[in-house]
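Here is a friendly walk through one chain and some of its local features. Please keep the sequence and the 3D view open as you read.

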Amino acid sequence: MKKSIFLLSFFSCSLFIGYAYGFDIKGLQPVAPYGVFSTFSADSLKKGQYAVGAGVEKSIEPDFFRYLFQYAHGINDRIEFTAAVPYVDKWENIKSGFEDIALGVKHRFIDETKYSPSVAYMVKASIPSGKEVFSTDGRAGAGLIVSKRVGPVSGHANIFYEKVGSSKLEDEVSFAAGFDFSPSHNFKVLAEIYGRKSHYSETLDNLEGRFGYRFMTTDYLYTTIGVGTDFKNRSPEYRLMLTLTAILPVEKKTIKKVYEEDK
């Protein structure tokens, strides 16, 4: 009897640890080109523009795929609505399902000047719609976003607090700092560091570096590729990322013609 109780307790603890360390909820993510990977930019879509994005992420140790579907809309030149629907495939080789649907509104209330950054705040929430193992029973929170451009380099810093819906879980605090460097008009080098106190911990339990590139494939289509590596011996140890984002409607460029008068 004692042996059975011990084995049951060990199995329960192992299952909990698997959930705590083996899976990280994605939540709301920035749409390209207004952000790095998980670091938001204070810039946003223009009034009437909208963005649609689709991405795939391969996490290693533990191994699973995550698919991300995104939508964003410029309410005006300062306010942007955004949404994300993540889907996890074969976590621990057996579990698949949607995460909670994430929604957010970003408002840039200070514009960038020559010496000062642009500043925005974001209010976000998640609908408790995901599969139980991938859900926190919803969440709500807010954060601050700061961006500054110096020559071809743009830097961004974020901090967010989110209260989760389940009373069994801890509230989350996350921070991110990233930059994008533009060596040419249609190509950017991306780097960020992302940290989080997750809903399974009372201390910082996730710290990750991410690096990659963004290509302006056409006038309206952005391709972002990247790799993430863990700095705290936590899972996932590595992740590979690919995202395609379209900004619509396509802006028509005016072509100016120069005529020389015959003398």
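The notes below cover a surface patch, the strands around it, and some backbone details.

This is a predicted model, in which local features need pLDDT of at least 70 and side-chain atom pairs count only at pLDDT 80 or more, while totals for chains, interfaces and linings use all residues. Residues are numbered from 1 along each chain as its sequence is written, and side-chain values use heavy atoms, with hydrogens and water left out.

Let us begin at the surface. Phe109, Ile110, Tyr121, Val123, Leu144, Ile159, Tyr161, Val173, Phe175 and Leu204 form a nonpolar patch there, and together they have about 840 Å² of accessible area. Patch members have over 30% relative accessible area and no salt bridge, and nonpolar side chains (Val, Leu, Ile, Met, Phe, Trp, Tyr) are joined within 5 Å. A salt bridge here is a side-chain nitrogen of Lys or Arg within 4 Å of a carboxyl oxygen of Asp or Glu. Areas come from the Shrake-Rupley method with a 1.4 Å probe, and for residues only the protein chains shown count as cover.

Two or more patch residues come from each of strands S5 (101-110), S6 (118-127), S8 (153-164) and S9 (172-184). Strands are DSSP runs of E with at least two residues, and helices are runs of H or I with at least four, numbered from the N terminus. Val123 lies in S6 and counts as partly exposed because its relative accessibility is 45%; buried means under 20%, exposed over 50%, and partly exposed in between.

Now take a look at S8. Its uncovered face holds Val153, Gly155, Ala157, Ile159, Tyr161 and Lys163, whereas Ser154, His156, Asn158, Phe160, Glu162 and Val164 make up the covered face. S8 pairs in the antiparallel sense with S7 over twelve bridges and with S9 over ten bridges; pairing requires at least two DSSP bridges between the strands. Leu144 stands opposite Ile159 in S8, and Glu162 stands opposite Glu172 in S9. The hairpin of S7 and S8 has two residues between the strands, and Gly151 takes a positive phi near 60° there.

| Feature | Site | Angle |
|---|---|---|
| Positive phi | Glu61 | near 60° |
| Positive phi | Asp137 | near 60° |
| Cis peptide bond | Ala32 and Pro33 | omega about 5° |
| Cis peptide bond | Leu248 to Pro249 | omega near -5° |

Glu61 sits in the loop between S1 and S2 (64-74), and Asp137 in the loop between S6 and S7 (139-150). Pro33 is found in the loop between helix H1 (2-22) and strand S1 (50-60), while Pro249 belongs to the segment after S13 (238-248).

How values were computed
Patch = residues over 30% accessible without salt bridge, like charges linked within 9 Å, V, L, I, M, F, W, Y side chains within 5 Å. Buried < 20%, exposed > 50% of the residue type's maximum accessible area, 1.4 Å probe, protein only.
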